[in-house]
Amino acid sequence: MKTKRIYIIDDDKLTVKLMSMLLHKNQFCDEIHSFFNAQSALEELKKNSDDNDKMPDGILLDLNMPVMDGWQFLDEFVLLAIKKEISIFIVTSSIDPADIQMAKKHHFLKDYIMKPITAEKLKAMSEII
């Protein structure tokens with residue numbers, strides 16, 4: 001089943017553009033919503049939390065961002081009253097073992113994916129969502 005809506009949360013505009021192009025090329029989803037900081041994405045999730053049709057099916061989340069980093073986003077995300085299951089993938093350039101270990105502590109995360117995103121990584125994600 002094709003994913004309907006994906007959120008990309010990453011402060012690097014080039015990364016967002018490349019990921020969006022790859023998602024479109026591989027017909028991964030119907031809609032892509034990009035957020036250049038996690039706070040904006042969190043506000044959108046809060047605003048639509050009672051309407052599953054407006055919620056994403058998946059979130060591709062960078063870790064290292066200004067305003068609110070990926071870890072802070074996850075801490076706030078778990079407090080939201082969202083009824084829909086949303087598949088969250090960390091998509092990062094961080095190879096820091098501490099980040100990888102921290103990700104394992106968040107049982108709801110689906111995967112820790114190293115940038116760049118490839119068609120093979122997208123295929124694996126689509127099987128999880």
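# Definitions applied to a single chain

Visitor: What makes the pair Lys110 and Glu85 a salt bridge?

Guide: Between the side chains of Lys110 and Glu85, the N to O distance is 3.0 Å. A salt bridge requires a side-chain nitrogen of Lys or Arg within 4 Å of a carboxyl oxygen of Asp or Glu, so the pair qualifies. The two residues link distant parts of the chain: Lys110 is in strand 5 and Glu85 in the loop between helix 3 and strand 4 (87-92), 25 residues apart. Helices (H or I, at least four residues) and strands (E, at least two) are DSSP runs, numbered from the N terminus.

Visitor: What rules apply to the model and its values?

Guide: The model is predicted: local features need pLDDT of at least 70 and side-chain atom pairs count only at pLDDT 80 or more, whereas totals for chains, interfaces and linings use all residues. Residues are numbered from 1 along each chain as its sequence is written, and side-chain values use heavy atoms, with hydrogens and water left out.

Visitor: Why is Lys110 called partly exposed, and what is Glu85 called?

Guide: Buried means under 20% relative accessible area, exposed over 50%, and partly exposed in between (1.4 Å probe, protein chains only). Lys110 has 30% and is therefore partly exposed. Glu85 has 60%, so Glu85 is exposed.

Visitor: What is recorded for Asp62, and which residues does Asp62 touch?

Guide: UniProt, in an unreviewed entry, places the feature "modified residue: 4-aspartylphosphate" at Asp62. UniProt positions are given in the numbering used here, feature names are shortened, and annotations may be inferred rather than shown by experiment. A contact means heavy atoms within 4.5 Å. Not counting residues up to four places away in sequence, Asp62 touches Ile9, Asp10, Asp11, Gly70, Val91, Thr92 and Lys115.

Visitor: What makes a group of residues a nonpolar core, and which members of the largest one touch the most others?

Guide: A nonpolar core is a set of buried Ala, Val, Leu, Ile, Met, Phe, Trp, Tyr and Cys residues joined through side-chain atoms within 4.5 Å. In soluble globular proteins, nonpolar side chains tend to be buried together. The largest core here has 25 residues, of which Ile9, Leu45, Ile59, Phe73 and Phe77 touch the most other members. Strand 1 (3-9), helix 2 (38-47), strand 3, helix 3, strand 4 and strand 5 each give two or more residues to this core. Leaving aside neighbours within four places in sequence, Phe73 is in contact with Ile9, Ala38, Ala41, Leu42, Leu45, Ile59, Leu61 and Met68. A second, separate core of 15 residues includes Ile6, Phe89, Ile117 and Leu122.

Visitor: Is Ser20 buried or exposed, and how do you know that?

Guide: Ser20 has a relative accessible area of 13%, and therefore falls in the buried class. Ser20 is found in helix 1 (residues 13-25).

Visitor: How do you know how compact the chain is?

Guide: The chain has five helices and five strands, in the order β-α-β-α-β-α-β-α-β-α from the N terminus on. Its radius of gyration is 13 Å, close to the 14 Å that the globule rule gives for 129 residues, so the chain is as compact as a globular protein of that length. The radius is taken over C-alpha atoms, and the rule is 2.2 Å times the number of residues to the power 0.38. Buried residues make up 44% of the 129 residues.
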